[in-house]
Amino acid sequence: MDSSTSVALEPVLSFLAFSLSKLESGFYRIPGSAVVARYVKSSHQNDPGRTILELILVIFAIRTYYRKHFIKFSEKEIDELVDEWVPEPLAQPLTEWEQRDLSSVPVISGPNGPKPKLLATGKIVTNLASFNFAGLAGNEKVKERALETLQKYGLGSCGPPGFYGTIDVHLDLERDIAEFLGTEASILYSQGFSTISSVIPAFCKRGDIIVADRSVNFAIQKGILISRSTVRWFDHNDLKSLEDTLISVEKERKKRKGPLTRRFIITEGIFEARRRNVSCSLKFVLQVELKLKYKYRLILDESISFGTMGRTGRGLTELYNVPASQIDMLVGSVANGLCSAGGFCAGSSIVVDHQRINGTSFVFSASMPALLATSGSEAITFLRNNPSVLLNLQDNIRAIRAVLEKTEGITLLGHRASPIIHFCLRTQQQSLAVTQPYYDYEAEERILQDIVDDSIANGVLLTRAKHLRGQEMVESRPTIRIAATAALSRKEVEKAAGVVKASVTRILSKRR
């Protein structure tokens, strides 16, 4: 019976096979069909669930098209609906505090630098708000080279680096950064924030493992989110927590008999965020040893430490005498460290070339203006020829901290060598966790803004630390941020810190 059934079905099966063959050959005659077929195959192989979802969407679209049960209105009804419609505002109205916060932002008249002029009052103030660590803002040699480049190339690059946005000065800066750090190559990004948030997803994909410090900055958090990798967090700057996490990741893989995947450790040189124990990665050498021991790749963000740490500003690798070749992806800021714009990623030639195709910010953003690339190269030359400027910077950092540590009512945060100094209001419990209910977040922001306003009125430009509350993984208490600079003398820095101390004392005494 089975043989007779199969004989009866054989013509039907032959017809179906012939029909499918004809359909397939007809489909591949359509221009672009090979691309569609390749996309469907790779999509199904990487994520079968996505194929099912797309099939459901196609069926839904066809069903919706053929039903065509759309509501029809007369011209009169349409006019009435238009007259009744009130558009929602594009943004919510500002609160009283937001209006005050916006209006309190000082506007500088003329060039920025260590002693800018305020537009509202015409007053010259000491600038402890801008990131001008090595005192490069307003440097005459840098300005001269930038003007020469502006006259030669014009202002904008008018294109992404991979098309016609790259010219010789961009390549010169990439080469200068690589030689300065001691790596094979480097790649430039035109925006500082999007540098690390593009580098991470360029290498880390779904299924890869990321082990990251809990206190990494917001840009790193966004890069990790975009990568869709499996993330494991370790306690801030805690080597034992890091090693325990690395061991647990390997145990989990062996337990489920999973394949070996790409694995990354992500951390910062100097942590920018206002955390409970903001610090420099003092155990950096041991972190490199753990990376080698457990066979991870290390992504190090030196957005603050590049241009400020080490004898000539090369960052942690110079400070701790670690070869830069042992850091797989060394990310830094041209904007912060060199007073120009954008960022970079340094590493091997393979790492750099991979980003020229896969770094989204590099591929889809216009390259930085030529004059800013020249400014970055000139800044590197300045750091090479003037290593004493970083000694002056550290001397000024110590001077500021020495004055503020004696100030009643505030607590200094951060590593003692960091050029960024945060301080918050001191509470009786001396706790800095945001989730504690015993203080008012907005009230503290108002007090700190009063201190900022008083300091500006007395000739010292400060700023409150700004962050996206509710969006960052670990929130912190409101702080005032001070940016030290080598462009001021020790006497000027001590005087400015004294003004800040007096403002703190004056404002807090009114609140008691």
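Biologist: Which backbone oxygen lies 2.8 Å from a polar atom of the side chain of Ser-104?
Modeller: The backbone oxygen of Asp-101. Bear in mind that this is a predicted model, where local features need pLDDT of at least 70 and side-chain atom pairs count only at pLDDT 80 or more, while totals for chains, interfaces and linings use all residues. Residues are numbered from 1 along each chain as its sequence is written, and side-chain values use heavy atoms, with hydrogens and water left out.

Biologist: And which side chain does the side chain of Ser-104 join in a polar contact?
Modeller: That of Gln-449, at 3.4 Å. A polar contact is a pair of N or O atoms within 3.5 Å; within protein, one must be able to donate a hydrogen and the other to accept it, and residues adjacent in sequence count only if both atoms are side-chain atoms. Leaving aside neighbours within four places in sequence, Ser-104 is in contact (heavy atoms within 4.5 Å) with Gln-449 and Asp-453.

Biologist: Where does Ser-104 lie?
Modeller: In the loop between helix H5 (96-103) and strand E1 (108-109). Helices (H or I, at least four residues) and strands (E, at least two) are DSSP runs, numbered from the N terminus.

Biologist: Why does Ser-104 count as buried?
Modeller: Because its relative accessibility is 18%. Buried means under 20% relative accessible area, exposed over 50%, and partly exposed in between, using a 1.4 Å probe and protein chains only.

Biologist: Ok, another serine. Is Ser-418 buried or exposed?
Modeller: Ser-418 is buried, at a relative accessible area of 3%. It sits in the loop between strand E11 (410-413) and strand E12 (420-425). A polar atom of its side chain lies 3.2 Å from the backbone oxygen of Ile-420. Not counting residues up to four places away in sequence, Ser-418 touches Ile-270 and Ile-397.

Biologist: What is the strand order in the open sheet of four strands?
Modeller: The order is E11-E12-E15-E14, with antiparallel pairing. Two strands pair if DSSP finds at least two bridges between them. E11 and strand E14 (463-464) are at the edges with a single partner strand each, so one side of each has no neighbour in the sheet.

Biologist: How many bridges pair E14 and strand E15?
Modeller: Two, and E15 covers residues 480-483. Arg-464 has Ile-480 in E15 as its bridge partner.

Biologist: In what sense do strand E5 and strand E6 pair?
Modeller: E5 (residues 209-213) and E6 (residues 230-234) pair in the parallel sense, over five bridges. The chain goes from E5 through helix H10 (residues 218-227) to E6, a right-handed β-α-β crossover. Right-handed means that, with the strands pointing away from the viewer, the path from the first strand over the helix to the second runs clockwise.

Biologist: Why is strand E4 largely enclosed by the rest of the structure?
Modeller: Because five of the five residues of E4 (residues 185-189) are buried. Ala-185, Ile-187 and Tyr-189 point one way, and Ser-186 and Leu-188 point the other way. In a regular strand the side chains alternate between the two faces of the sheet. E4 is joined by five bridges to strand E10 (residues 343-347), and the two run antiparallel. Ser-186 stands opposite Ala-346 in E10.

Biologist: How many residues of helix H9 are buried?
Modeller: 10 of the 11 in H9 (residues 193-203), so this helix is also largely enclosed. Among them are Ser-194, Val-199 and Phe-203.

Biologist: Which residues have the most contacts inside the largest nonpolar core?
Modeller: Phe-344 and Phe-423, in a core of 83 residues. A nonpolar core is a set of buried Ala, Val, Leu, Ile, Met, Phe, Trp, Tyr and Cys residues joined through side-chain atoms within 4.5 Å. A second, separate core of 25 residues includes Val-199 and Cys-345.

Biologist: How many aromatic pairs does a search of the whole structure find?
Modeller: Five. Rings of Phe, Tyr and Trp (its six-membered ring) pair if their centres lie within 6.5 Å; planes under 30 degrees apart count as stacked, over 60 as edge-to-face and the rest as tilted. Phe-180 and Phe-306 form an edge-to-face pair, 6.1 Å centre to centre with 85° between the planes. They are 126 residues apart, with Phe-180 in helix H8 (residues 168-181) and Phe-306 in the loop between strand E8 (297-302) and helix H13 (316-319). Both are buried. Ring pairs link Phe-180, Phe-306 and Phe-344 into a cluster.
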